[in-house]
Every structure is written in structure tokens, then in C-alpha cells.
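Dear colleague,

Here is the structure I promised to pass on to you.

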Amino acid sequence: MSHADWKKGRDAVQPLDTKAAARASAHVDQLTKPLGSLGRLEKLAVQLAAITGEPAPAVAPPGILVFAADHGVASEGVSAYPQEVTAQMVANFAHGGAAINVFGRQIGALLHVVDVGVATDVDAPGVWSKKVRYGTASMLRKWAMSREEAEQSLQVGYESAEALFAEGAKLLIVGEMGIGNTTASSAMLAALTETEPDQLVGRGTGVCDEKWERKKAVVKEALALHQPNPADPLDVLAKVGGLEIGAMAGAIICAAARRVPVLLDGFISTVAALLAVRLCPAAADYLLAGHRSQEPGHAHVLATLGQEPLIDLGLRLGEGSGAAVAFPIVESATRMLREMATFASAGVSNR
Ligand SMILES: Cc1cc2ncn([C@H]3O[C@H](COP(=O)(O)O)[C@@H](O)[C@H]3O)c2cc1C
Ligand SMILES: O=C(O)c1cccnc1
């Protein structure tokens, strides 16, 4: 596989299939229910037809990729938990004990964990080993990673998604694990949207007031130091980003290139989606927002992408958990299209 597949994928993303959408829309209006009565499920069904190019699309089985990587900025006291939790959680994913394992099993998902940059060697069963480097550098001192490593992280995500789709996944959920990654995501979002960091930086895993202030100061200092160029998404990723964030963006670009719908999780995965869209604007049409996270920057990035999430349960975990919980709603939309009787087939009087 070439190192630049993600670029080929980026250039191959097609516009939505309006013919499939029109056929799905006409079919929805023939189903045995008052016109428009399944509300947003109807819109979702038509959107999924437009994405997949299938008038009766399927989204099962869904596929989940959990990308794990460490952040040098964790050493600046910006998380409520220590850096070693990243590797420990990777082992937990491998043994099936994390929230995403539980919700993934519940929805019959294919799930893979990918080491794209954990700070230590990972020796956990089944984890895909695609380490670009051992954690990023602290953005407060250096660029988080080189531009080349940023591209490699995109490529890791792209390749991982290709492997997942080869296994038969019909919808992509991207999740992540990386202590410190709400700091990196906030910095990326502030840079990409040229927004004041104070409005975006939240408490992540639940930092105290003192650490929260420190976290805001770290983001501001790093942006002042590196001056990432908002018009150059790879520059933003390299200077203040994260390896798992790049990988999620690469996976999203692959999904768009394959006409596979993407169901976004929380703050970090949605910032990765914004990165993907800045690299590949046509990918925006392939995104669905699963849930609204408690993290304050999430509302801003969702609005920037024009996305309205399906559920709001006060979650703030990541890993792909909120997307997995929202997935049954997406599946309901497709099952409505595929399984409901029409007025004609059921002999029900239409108006
Ligand atoms: C046990 C544990 C499991 C997690 N699963 C996801 N995260 C989430 O929290 C981290 C981001 O928050 P911050 O920027 O404050 O470090 C990421 O790893 C994210 O996936 C977790 C965090 C912890 C502690
Ligand atoms: O919204 C998220 O994805 C999130 C929020 C806090 C901590 N980890 C993840």
C-alpha cells in the first residue's frame, strides 16, 4: 500500500447520489403511516440513500475503529488522569471491558483498536499495531509531530478503514483513546475556526478549576508559539494535533470515498471530522452526528459542520461510545425503508 492512499481517496470522493435519494423519498411517502409522521427518521433514510447510492441502504453491521495515541501535552497537567491510562485502557479494550466494547457488542459491531501512537509498546491481543511514533511532543515546547508524521497518521486511519470495510462494515464509527486529547482537539478547533480558546476548552475527563485555567493557558500559549495556519489543515494537525485525531480523519476520508456513512461520536471525533472536511470538503456530506457531548467545544464544531446530533444524554466519554448508543436510531431509519409495508402492499387506504 502506498503512503499516499489517503490523498487518492480524498480526490475520489463523489457528490451525493440525488437519484437514490429521490427514490428513497418517494418510497418513504408510500409507507403505511401518515405523510411525514416518522419525522427525522425519514430525513435520515433519504440521507443514507444519498450517501450510499442505494435506495434501500443497510448500515448493519456497523464498524468501530478506536484509535489510541498519547499526547506530550499530558505532562503539562491538563487532564484529570495520568498518561499511562491510555495504554491501560488499550489493554482494557483488548479484553472487552470498556464502555465501547459493551455498546459495540450490543449493536453487533465489528470493532478494532489501533495503536497509532501510544507512548509505550503495546502488547495486547488483537490490537492493530500501526504506531507512527511514541506519543506526540508537548505543543507547549515543540510541534506535536512533524508534517510527515501528520500525513502518516492520516494514512494509518485510511488503511484501517479499508481493512474494516473489507470485513463488511456498512457504517463507520470512529472512536479514540488518548489522555490529553481534549486539549489537542480544543487547540485544533481554535486554530481551524479562528475562535477564542476560552469558549472551547472544557473539563475533559473532569479537571478541577485550577487545571482548567491551566488548560486554557496551555492552548493559548501553544497557538501563540506555533501560529498554525487555518488554511493549511496539516499544519494545524502537526503543530497542535494528535496522532489518533489524524487517524480518525483519514478513516473518515476513506469512508466518504467508499460511500460509507460515518456516525460521529463526541468532541474529539467531531474535530477529526472537521479536519477531514478541511482536507476534503466533499466528505462533509457523508457525516451524521451521533450525540452532543458535554464538552463545550462540541456545540461549536457541530455548528461549524452544520450537524444536529441525534441524542443528548450528557455523555462525555469518547471511545465512540455516544455514536454506538445512537446507532440503533440510524438502523431504525434503514429498517423503516426496507421492511415497512406500503399502502398498496398492505391494502391500507391512502388519502
Ligand atoms: C479511564 C478513562 C477511559 C476513557 N475513555 C475515554 N476517555 C476520554 O478521555 C480522554 C480525554 O480527556 P482529557 O483530555 O481530559 O485527558 C481521552 O482518552 C478520551 O477518549 C477516557 C478517559 C479515562 C480516564
Ligand atoms: O466528547 C468527547 O468525546 C469527550 C469528552 C471528554 C473526554 N473525552 C471525550
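I begin with Glu 319, which lies in the loop between α12 (296-305) and α13; helices (H or I, at least four residues) and strands (E, at least two) are DSSP runs, numbered from the N terminus. This is a predicted model, in which local features need pLDDT of at least 70 and side-chain atom pairs count only at pLDDT 80 or more, while totals for chains, interfaces and linings use all residues. Residues are numbered from 1 along each chain as its sequence is written, and chains are lettered from A and ligands numbered from 1 in the order in which they are written.

**Backbone points to check**

Although Glu 319 is a residue other than glycine, its phi is positive, near 70°. Glu 319 counts as buried because 27 other C-beta atoms lie within 10 Å, where buried stands for 20 or more other C-beta atoms within 10 Å of a residue's own, exposed for 12 or fewer and partly exposed for what lies in between, with C-beta atoms placed from the backbone. Glu 194, also not a glycine, has a positive phi of about 50°, and its place is in the loop between α7 and α8 (209-226). Glu 194 has 7 C-beta neighbours inside 10 Å and is therefore exposed. Please look as well at the peptide bond from Ala 60 to Pro 61, which is cis, with omega near 0°; Pro 61 sits in the loop between α3 (39-52) and β1 (62-69).

**The two ligands**

Around ligand 1 there are 18 residues, of which Ser 79, Thr 182, Gly 204, Thr 205 and Gly 318 come nearest; a residue is near a molecule or strand if its C-beta atom, placed from the backbone, lies within 6 Å of it. The elements that give two or more residues to this shell are α4 (85-94), β4 (171-177) and α7 (181-193), and the largest share, three residues, comes from α7. By class, the shell around ligand 1 holds seven nonpolar, nine polar and two charged residues, where Ala, Val, Leu, Ile, Met, Phe, Trp, Tyr, Cys and Pro count as nonpolar, Asp, Glu, Lys and Arg as charged, and the others, Gly among them, as polar.

For ligand 2 the count is 13 residues, and Gly 266, Phe 267, Ser 293, Arg 316 and Gly 318 come nearest. The shell around ligand 2 divides into three nonpolar, seven polar and three charged residues.

**Two helix pairs**

The axes of α5 (residues 99-106) and α13 (residues 321-339) come within 9 Å and cross at roughly 15°, the axes being lines fitted to C-alpha atoms over the stretch in contact, with angles from 0 to 180 degrees between N-to-C directions. That crossing makes α5 roughly parallel to α13, since angles under 35 degrees count as roughly parallel, over 145 as roughly antiparallel, 65 to 115 as roughly perpendicular and the rest as oblique. Ala 99, Ile 100, Phe 103 and Gly 104 in α5 meet Ser 321, Ala 324 and Val 325 in α13, contact being C-beta atoms, placed from the backbone, within 7 Å. The residues of this contact divide into five nonpolar, two polar and no charged.

The axes of α11 (residues 267-279) and α12 also come within 9 Å, crossing at roughly 30°, and so α11 is roughly parallel to α12.

With best wishes

Technical notes
Two residues are in contact if their C-beta atoms, placed from the backbone, lie within 7 Å.
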